Amino acid sequence: MKILIVIDFVLAASLTDTIASSDLQNCFREQIRLQAQVRLLEHRVKQQQLKIIQLLEKKEIQYSDRGDENSAIDLGGKRQYSDCAEIYNDGHKQSGFYKMKPIQSPNEFLAFCDMSEGGGWTVFQRRSDGSQNFDRGWTDYEEGFGNFVLTNGEYWLGNKNLHYLTSQGNYTLRIVLTDFEGERRFAQYTRFGVAGEEHSYEMSCGEYSGTAGDSLTGGFHPEVKWWADHRGMKFSTRDRDNDNYEGNCAEEEKAGWWFNRCHSANLNGLYYKGPYTAKTDNGIVWYTWHGWWYSLKSVVMKVRPADFEPNVV
């Protein structure tokens, strides 16, 4: 009787081992199958991620020269705003691209609203990385060009839009400059305005204040105003020469700008990284800070009504 019990125990143990071994093999097979599925899914996810990146790059290229209408912060179209100051005082305090329509403008357009430094600043020019070509002709500067999608994208709002914007009243110009050493300075001017196309988008501005020095009106020395004062100058491009120089400043300096003979400020110049050498001083120049032979890292030019009072509500 004891022998039979022992035999049964041995057989049961053997059967258990067989079942356990079979289960273990099945478990291993299932593990291998699941690992294969995971690798397949990871591969598919990587493919999808790559496809998304390609689509985003394609979209960025597609809209880099005028802007994606959907990139603007949507305010629901309940009312039209004439500038970023109105947008700010209507309770929208987030910096970004907004649609606006100045009083005389026939169309809406996108512009970046800088809601820092008191808020309500409409940015009409930005240089940040050299990604955009600013050596362009009259039509491009008139209509505007650049990246109207990225927060730090380079662009020029357009002389036509700049005229509509500044003809609404008394505007203050603020220019924020940064060098490659990380220092930041600014220049601010009262009564900034740009005339219409019939006056070749002539620029006017008033008194200077700031930390960068007065390169825009030649205020750094009384004897240089005859060539360094950009006030009252018509806009010039390589195909529309309106400067006071015997040659073509825009062609030599590789930019559209309010050139005189030629400049002590050229914020649309070629993008060099700091000190540079060239036939002419064609970098992003603000003479009173870094002279002619240092090209700045970033520039923002923005305007706001002189009587702007931020709504703190």
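**Close-up views of a predicted model**

**View A. Burial along helix α4.** Asn-159, Asn-161, Leu-162, His-163, Tyr-164, Leu-165 and Thr-166 are the buried residues of helix α4. Burial is judged by relative accessible area, computed with a 1.4 Å probe on protein chains only: buried means under 20%, exposed over 50%, and partly exposed in between. With 7 of its 8 residues buried, α4 (residues 159–166) is mostly covered. Helices (H or I, at least four residues) and strands (E, at least two) are DSSP runs numbered from the N terminus. The model is predicted, so local features need pLDDT of at least 70 and side-chain atom pairs count only at pLDDT 80 or more, whereas totals for chains, interfaces and linings use all residues. Residues are numbered from 1 along each chain as its sequence is written, and side-chain values use heavy atoms, with hydrogens and water left out.

**View B. Aromatic ring pairs.** Rings of Phe, Tyr and Trp (its six-membered ring) pair if their centres lie within 6.5 Å; planes under 30 degrees apart are called stacked, over 60 edge-to-face, and the rest tilted. Phe-124 and Phe-192 form a stacked pair, because their ring centres are 5.8 Å apart and their planes lie at 10°. This pair links distant parts of the chain, with Phe-124 in strand β3 (residues 121–127) and Phe-192 in strand β7 (residues 184–194), 68 residues apart. Phe-124 is buried at 1% relative accessibility, and Phe-192 is buried at 3%. The rings of Trp-227 and Trp-292 have centres 5.9 Å apart and planes at 40°, so this pair is tilted. Trp-227 belongs to helix α5 (residues 225–228) and Trp-292 to the loop between α7 (287–290) and β13 (294–295), so the pair ties together parts that are 65 residues apart in sequence. Trp-227 is buried, at 15%, while Trp-292 is partly exposed, at 25%. A cluster linked by ring pairs takes in Phe-124, Phe-134, Trp-138, Tyr-141, Phe-145, Trp-156, Phe-192, Tyr-201, Phe-235, Trp-257 and Trp-258.

**View C. Charged groups over aromatic rings.** The charged end of Lys-93 is placed over the ring of Tyr-88, 4.6 Å from the ring centre. The criterion is that NZ of Lys or CZ of Arg is within 6 Å of the ring centre and within 35 degrees of the ring normal. Arg-174 lies over the face of Phe-186, at 4.0 Å from the ring centre.

View D. Strand β1 (residues 96–100) pairs with strand β2 (residues 109–114) in the antiparallel sense over 5 bridges; two strands pair if DSSP finds at least two bridges between them. In β1, 4 of the 5 residues are buried. Gly-96 stands opposite Cys-113 in β2. Cys-113 is joined to Cys-84 by a disulfide, S to S 2.0 Å, under the rule that the two cysteine sulfur atoms lie within 2.5 Å. The link of Cys-84 and Cys-113 is left-handed, with -80° about the S-S bond. Cys-84 lies in helix α2 (residues 84–89) and Cys-113 in strand β2, 29 residues apart. Cys-84 is buried at 0% relative accessible area, and Cys-113 is likewise buried at 0%.

**View E. The Cys-249–Cys-262 disulfide.** The structure holds 2 disulfides, one of which joins Cys-249 and Cys-262, their sulfur atoms 2.0 Å apart. The torsion about this S-S bond is about -90°, so the disulfide of Cys-249 and Cys-262 is left-handed. Cys-249 lies in helix α6 (residues 249–253) and Cys-262 in the loop between α6 and β10 (265–266), so the pair ties together parts that are 13 residues apart in sequence. Both Cys-249 and Cys-262 are buried. With the bonded cysteines numbered in sequence order, the pairing is 1-2, 3-4.

**View F. Salt bridges.** The count comes to 14 salt bridges, each a side-chain nitrogen of Lys or Arg within 4 Å of a carboxyl oxygen of Asp or Glu. Glu-183 meets Arg-185 at 2.9 Å, N to O; Glu-183 is partly exposed at 35%, and Arg-185 is partly exposed at 27%. In the salt bridge of Asp-229 with Arg-231, the closest N and O atoms are 2.9 Å apart. Asp-229 is buried, at 12%, whereas Arg-231 is partly exposed, at 32%. Arg-261 forms a salt bridge with Glu-246, with the closest N and O atoms 3.0 Å apart. Arg-261 lies in the loop between α6 and β10 and Glu-246 in the loop between α5 and α6, so their pair ties together parts that are 15 residues apart in sequence. Arg-261 is partly exposed at 29%, while Glu-246 is exposed at 65%. A network of salt bridges links Asp-114, Glu-117, Arg-174, Arg-184 and Lys-302.
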